[in-house]
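Here's a quick briefing to read with the model open beside you.

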Amino acid sequence: MRSFVAIALVMLSARIVAAQPGTLSPEEAEAATQPPTEATPEPGWGTYEPGFGKGLTIGNTSLGELSLSGYTLFRFIDQTGNDTFIDHLGNEQSVNRRLDITLHRLLVYFNGWVYDPKFRYNTTLWTVLSTQQVNIIGSLSYLFHPAFQLSVGLNGLPGTRSLQNVFPFFLGTDRQLADDFFRPGFTSGIWISGTLLPGLDYIAMLGNGLSQVGIKASQLTRTLASAASIAWKPTTGEFGTRGGFGDYEEHDELATRFGVSFTHSRENAQDQLANPSPDNTSIKLSDSVNAFQVGALAPDVQVETATFWLLAADAGFKIRGLHVQGEYYFRTLDRFDATGPLPVSTIVDTGFYVQASYFVVPRRLMLYGVTSVIFGAFGITPWEAGGGADVYPFHTRNMRLNVFATHVDRSPVSSLFGYYVGGETGMIYSASADLLF
């Protein structure tokens, strides 16, 4: 550990100029911090290679390269159903359902290398119109060896499969219910990644907490979050572009991926939780109440610190346009420090999602179905069942039209960025167009 931290300090001494993160979309943070593709040092400009890491090359000299890429999402969403729900303590809570048409995300990526093609940088400008936020983030990476790349910056803790390079290639435009509920968040930190053997990848990270979204440095504790994940692809050694969901590549041979991820963090109640129903917080109870909200576990009592543990196991299969993906989650919250006595010492939630997709017209039209179940504490079992379709009008995965509908029963997730609102029982409808260049 000491040697790891020493390396981190050396890398962190490199100067990174970035604005203070605001309410950052998880997907935006993830996309902005992934390792770009390998660069070529030959002088030139004007080449176009769509996707994160390249896009349009606007400068390439013997001292470095600059590429410009972007992502935009235009979305309609309608959350139907109830206006209130009763939480596990019998309190009535509001359901803030949405019906809106929004230019939901707009991002601009500047990627490249400087001095050495193995020394990579990334700067991302983004706006999330749903929250009226504009921010700048960045990262630095050095590829010592295919088995060892060292990075610093803002990244997602690699505690679930969807936090590891998959965005924006979900079946829809956002994560499904169980994934959104259990996943850790995004934070500044240091991480290592690489390919240990053909088809065997890993990533491990130390960060400032489960989520540094909207949190000032003065609010951070002296504990670090940790997460690690491995992915084994035994048959073909790959799983498509960015390991994305959906078999756009039309694999002739069965492609498989099996993974295990782990996350640990000692979390505390941040100052912004004075708002009793904040959006986009990392730890929710299975009734969608924030774990650090006053009265979440006992009347007039607030949890001040708690330990978060998450174990996730995933598996995926692709062949001839068919893709089946699933992930199982086991989460515990324990070691509570609170302002008064609590009725529980440990909270255990488990759950899973399964999704399947098929290209009925290769590289043109994909249909998919999803389901999630969460076996929550307090006898609460939220679930969803739905499906949708993707149309690719330009024979490229980077531009698509999506429609999605799902029925949710007692959503435990509440976020302005995704599909769901806490406590909702009803249908959710979404239609969108997104473009990656």
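Which ring does Arg-363 lie over, and at what distance from the ring centre? Arg-363 sits over the face of Tyr-248, 5.8 Å from the centre of that ring. Bear in mind that this is a predicted model. The protein has 437 residues, and its secondary structure comes to 3 helices and 20 strands.

- Mean pLDDT for the protein is 86, with 85% of the residues at 70 or more.

**The overall picture**

- Of the residues in the protein, 54% count as buried.
- Take the contacts between residues at least 6 apart in sequence: 64% of them join residues at least 24 apart.

**Aromatic pairs**

- The protein has 19 aromatic pairs.
- One of them is Tyr-71 with Phe-167, an edge-to-face pair with 5.3 Å from centre to centre and 70 degrees between the planes.
- Tyr-71 belongs to strand 3 (residues 64–79) while Phe-167 is in the loop between strand 9 (148–156) and helix 3 (177–182), so this pair ties together parts 96 residues apart in sequence.
- Both partners are tucked away: Tyr-71 is buried at 2% relative accessibility, and Phe-167 is buried at 0%.
- Another pair is Phe-352 with Phe-375, whose ring centres are 6.4 Å apart; the planes meet at 35 degrees, so the pair counts as tilted.
- Phe-352 is in strand 16 (residues 346–361) and Phe-375 in strand 17 (residues 365–375), so here the parts tied together are 23 residues apart in sequence.
- In this second pair, Phe-352 is partly exposed at 28% relative accessibility, and Phe-375 is partly exposed at 43%.
- Ring pairs also link up into a cluster made of Tyr-71, Phe-167, Phe-170 and Phe-245.

**Charges over rings**

- Lys-318 lies over the face of Phe-239, 4.5 Å from the ring centre.
- For Arg-363 over Tyr-248, the distance to the ring centre is 5.8 Å.

- Buried or exposed: which is Thr-124? Thr-124 has a relative accessible area of 0%, so it counts as buried.
- You'll find Thr-124 in strand 7 (residues 116–128), and its side chain makes a polar contact of 3.2 Å with the side chain of Asn-122.
- Pro-198 is exposed, because its relative accessible area is 81% and the cut-off for exposed is over 50%.
- Look for Pro-198 in the loop between strand 10 (186–197) and strand 11 (200–207).
- From the C-alpha of Pro-198 to the C-alpha of Lys-233 is 8.3 Å, with the two residues 35 apart along the chain.

Note on methods: Residues numbered from 1 in each chain as written. Predicted model: local features only at pLDDT ≥ 70, side-chain atom pairs only at ≥ 80, totals over all residues. Heavy atoms only, no water. Helix = DSSP H or I, 4+ residues; strand = E, 2+ residues; numbered from the N terminus. Buried < 20%, exposed > 50% of the residue type's maximum accessible area, 1.4 Å probe, protein only. pLDDT = per-residue confidence, 0-100. Polar contact = N/O pair within 3.5 Å; in protein donor to acceptor, adjacent residues only side chain to side chain. Contact = heavy atoms within 4.5 Å. Phe/Tyr/Trp six-rings, centres within 6.5 Å; stacked < 30°, edge-to-face > 60°. Lys NZ or Arg CZ within 6 Å of the ring centre and 35° of its normal.
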